[in-house]
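Subject: Structure handover

Hello,

Here is the structure I promised to pass on. Please open it alongside this note; my findings follow below.

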Amino acid sequence: MTESIIQLPTAGESIFETYDRISRRGPVVPIELPGGVPAWIAVSYQAVSEVLAGDGRLFSKNAENCPSLHDGTIPADWPLRALTDIDHMLNKDGADHRRLRKTISQAFTPGRVAALEPRIRKIAARLIDDFPDGDEIDIVSSFTTPFPVRVICELFGVPESDQPQIRQWSTAVVSHTSTAEEMQSAVQGMIGYLAELLERKRTELGDDLASALLQANAENDLSTDELVNMLWLVIIAGHETTVHMLGNAVIALCAHPEQRAIALAADRWSDVVEETLRYRSSVLAPFVRYAQGDVTVAGVRIPAGSLVFWYGSVGRDPEHYPNADTFDIDHDHRDQLAFGRGPHFCLGAPLARLESRIALSALFTRYPRLSLACDPEHVPYGPQFITVGPLSVPVRLAPTG
Ligand code: HEM
């Protein structure tokens, strides 16, 4: 009997159930995206490694190299075009990609990230000091969302009063329930805002990353549109991912108090971060690639022109990780794939690691007995299949008994 193509997402089941069904089907699986658009997803560690090794050669990130986006096969109002059509480095290959990445890398240096540590610690401490009164709070709205939003916005000089709007635009962009108009309006709203921010920085350079980007560009030749789209990409990728990473980590640590006790006793927060990324990565479908010919991945033939994703929770592959379904901070994380590999390796990985370590350590050191105030089965998740994390998580800060 022929198996039917799995829809991603599938109505009536959780996104995790859908991904579980997909990953049980084989190393590379045909899927159907919203709007009935066919695609493929690499799910085994071997298949994901092969896809990433083919970047810029077997696979392109540039939508111009995907015939079905231009020949009428995929409709003009397909909502995900808001993500495929925008001109930024995650949608570029080869020399085009290197040109953009070189400029941001000159501004976003390891030294700049390391220098943020004291400020990031203060942001975490202030949010925890400001928790609402009472023992039971929603940790997502009080901490795991505002913390990464504040870090990335401060880094780029976005004032605190504008930060909720940035979060709202980002959420609309990654929700598959947004209509094409809602997605385009969120993209354009944020692009317009960032164009004004960049203009202001041109006249009053500050000690922020938008100013550093302008200074780095003095030696390069990026257009204003390219700079604005760069800010758009880095600000969205720089918090949407970490918001959910922290939500996923809080849930995992509450479900595994013995792991939390080890982390607290031995300051193993870096290992907690790596294990959360392996066990439940917040980026479940890093954005799409296009097959540049018929390509065979892990023995499966993907036809030319196909849209191809890879599974961000590839850390659950039992062929690669012993006890893959067990949350254990002693897992070997040296070959972590949650940040990708190759030319598009996550630009913000050092910041994500630093801020997640600081946030979890600050939260659980202040509230070592923090626990879930609901059944984990009842935690609501957002309408998303690209990034995934809880929408709210009621916790008790210091339960008695
Ligand atoms: C836990 C947090 C994060 C995770 C799991 C994550 C994951 C990823 C992954 C998997 C990719 C590769 C995408 C692909 O291969 O198609 C990527 C790329 C990228 N990430 Fe992250 N990321 C995180 C945090 C951040 C942060 C904090 C920033 C910025 C400050 C950031 C900025 C970027 C950018 C700009 C790219 C595109 C790089 C390029 O195309 O050269 N990410 N990220």
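How many helices and strands does the chain have? The chain has 16 helices and eleven strands. Bear in mind that this is a predicted model.

Overall shape

The radius of gyration of the chain is 21 Å. The globule rule also gives 21 Å for 401 residues, so the chain is as compact as a globular protein of that length. Along its principal axes, the C-alpha trace spans about 60 × 60 × 35 Å. Buried residues account for 43% of the 401 residues. I also looked at contacts between residues at least 6 apart in sequence. Of these, 73% join residues at least 24 apart.

Helix packing

Look next at H13 (residues 240-255) and H15 (residues 269-279). Their axes lie 10 Å apart, and the helices pack at an angle of about 100 degrees. Angles of 65 to 115 degrees count as roughly perpendicular, so H13 is roughly perpendicular to H15.

Which residues meet there? H13 brings Met-245, Asn-248, Ala-249, Ala-252 and Leu-253. H15 answers with Val-272, Thr-276, Leu-277 and Tyr-279. By class, this contact of H13 with H15 has seven nonpolar residues and two polar ones. No charged residues take part in the contact.

The three-stranded sheet

Three strands form an open sheet, in the order S5-S11-S10. The pairing is antiparallel. Strands S5 (136-138) and S10 (371-372) are the edges, and each pairs on one side only. S5 and S11 (residues 394-396) are joined by three bridges. For a place to start on this pair, find Asp-138: it stands opposite Pro-394 in S11.

A loop residue

One loop position is also worth a look: Asp-71. It sits in the loop between strand S4 (59-60) and helix H3 (81-84). Is Asp-71 buried or exposed? Asp-71 has 9 C-beta neighbours inside 10 Å. The cut-off for exposed is 12 or fewer, so Asp-71 counts as exposed. I also checked Asp-71 against Asn-229. The two residues are 158 apart in sequence. In space they are 26 Å apart, C-alpha to C-alpha.

That is the handover.

Best wishes

How values were computed:
Residues are numbered from 1 along each chain as its sequence is written. This is a predicted model: local features need pLDDT of at least 70, side-chain atom pairs count only at pLDDT 80 or more; totals for chains, interfaces and linings use all residues. Helices (H or I, at least four residues) and strands (E, at least two) are DSSP runs, numbered from the N terminus. A residue is buried if 20 or more other C-beta atoms lie within 10 Å of its own, exposed if 12 or fewer, and partly exposed in between; C-beta atoms are placed from the backbone. Axes are lines fitted to C-alpha atoms, for helices over the stretch in contact, and angles run from 0 to 180 degrees between N-to-C directions. Angles under 35 degrees count as roughly parallel, over 145 as roughly antiparallel, 65 to 115 as roughly perpendicular and the rest as oblique. Two residues are in contact if their C-beta atoms, placed from the backbone, lie within 7 Å. Ala, Val, Leu, Ile, Met, Phe, Trp, Tyr, Cys and Pro count as nonpolar, Asp, Glu, Lys and Arg as charged, and the others, Gly among them, as polar. Two strands pair if DSSP finds at least two bridges between them. The radius of gyration is taken over C-alpha atoms; the globule rule is 2.2 Å times the number of residues to the power 0.38.
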